[in-house]
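Okay, everyone, let's get going. Have a look at the chain on the screen, and I'll talk you through how it is put together.

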Amino acid sequence: MINSVYLLVNKGSWRALSFILAILLTACFFFNIHQFTSELRTANPIWVVLILWSTVILWIHGMGFDIRSDLGKYLFFPIFGYLISFVALFQHFLY
């Protein structure tokens with residue numbers, strides 16, 4: 001089942017979206033380090049881990065790595081990365 005769902009997001013346009021979101025999250029962290037880290041310091045530690053995990057997911061998917069194991073496809077499913085990164089970027093740019 002995961003293979004058929006993973007094939008839906010394993011296309012060029014989705015990979016480009018992953019790459020762009022990964023660059024945005026990384027740029028928010030590196031170029032606005034003081035504000036980003038102060039917000040992360042007061043945030044829930046689980047939320048911080050989820051943001052880092054989504055960044056890793058988006059880099060892996062955006063760079064085009066082929067995940068062969070089913071467990072890897074579950075752990076690095078791009079839809080999870082999209083959802084978490086959209087919320088994190090929305091939260092970062094609004095506050």
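So, of the 95 residues in this chain, 34% count as buried. Buried here means under 20% relative accessible area, exposed means over 50%, and partly exposed is in between, using a 1.4 Å probe and protein chains only. Before I go on: this is a predicted model, so local features need pLDDT of at least 70 and side-chain atom pairs count only at pLDDT 80 or more, while totals for chains, interfaces and linings use all residues. Residues are numbered from 1 along each chain as its sequence is written, and side-chain values use heavy atoms, with hydrogens and water left out.

How confident is the predictor? pLDDT is its confidence in each residue, from 0 to 100. The chain averages 86, and 92% of the residues score at least 70. Confidence is highest in H4, at 91, and lowest in helix H3, residues 33-42, with a mean of 68. Where pLDDT is low, the predicted coordinates should not be read in detail.

Now the overall build. You'll find six helices and zero strands; these are DSSP runs (H or I, at least four residues, for helices; E, at least two, for strands), numbered from the N terminus. The C-alpha atoms fill a box of roughly 40 × 25 × 20 Å along the principal axes. Contact means heavy atoms within 4.5 Å, and among contacts between residues at least 6 apart in sequence, 79% join residues at least 24 apart.

Let's zoom in on H2, residues 12-31. Its 20 residues reach 28 Å from the first C-alpha to the last, close to the expected 28 Å; the expected span is 1.5 Å times one less than the number of residues. Which residues of H2 are buried? They are Arg 15, Ser 18, Leu 21, Ala 22, Leu 25, Thr 26 and Cys 28. They cover an arc of only 155 degrees around the axis, which puts them on the same side of H2. That arc is taken from the directions from the helix axis to the C-beta atoms. Over on the other side, Gly 12, Ser 13, Phe 30 and Phe 31 are exposed.

Next, the core. A nonpolar core is a set of buried Ala, Val, Leu, Ile, Met, Phe, Trp, Tyr and Cys residues joined through side-chain atoms within 4.5 Å. The largest one has nine residues: Leu 21, Ala 22, Leu 25, Cys 28, Ile 51, Leu 58, Tyr 82, Ala 88 and Leu 89. H2, helix H4 (45-63) and helix H6 (78-94) each give two or more residues to this core, and the largest share, four residues, comes from H2. Apart from it lies another core of five residues, including Ile 2, Tyr 6, Ile 67 and Phe 77.

Take Leu 21 in H2: its relative accessible area is 4%, so it is buried. Leaving out residues up to four places away in sequence, Leu 21 touches Leu 58, Tyr 82, Ser 85, Phe 86 and Leu 89. Leu 21 and Leu 89 are 68 residues apart in sequence, yet their C-alpha atoms are 9.0 Å apart.

For contrast, look at Ala 43, in the loop between H3 and H4. Its relative accessibility is 25%, so Ala 43 counts as partly exposed. The C-alpha atoms of Ala 43 and Ser 54 are separated by 16 Å, with the two residues eleven apart along the chain.

Notes
pLDDT = per-residue confidence, 0-100.
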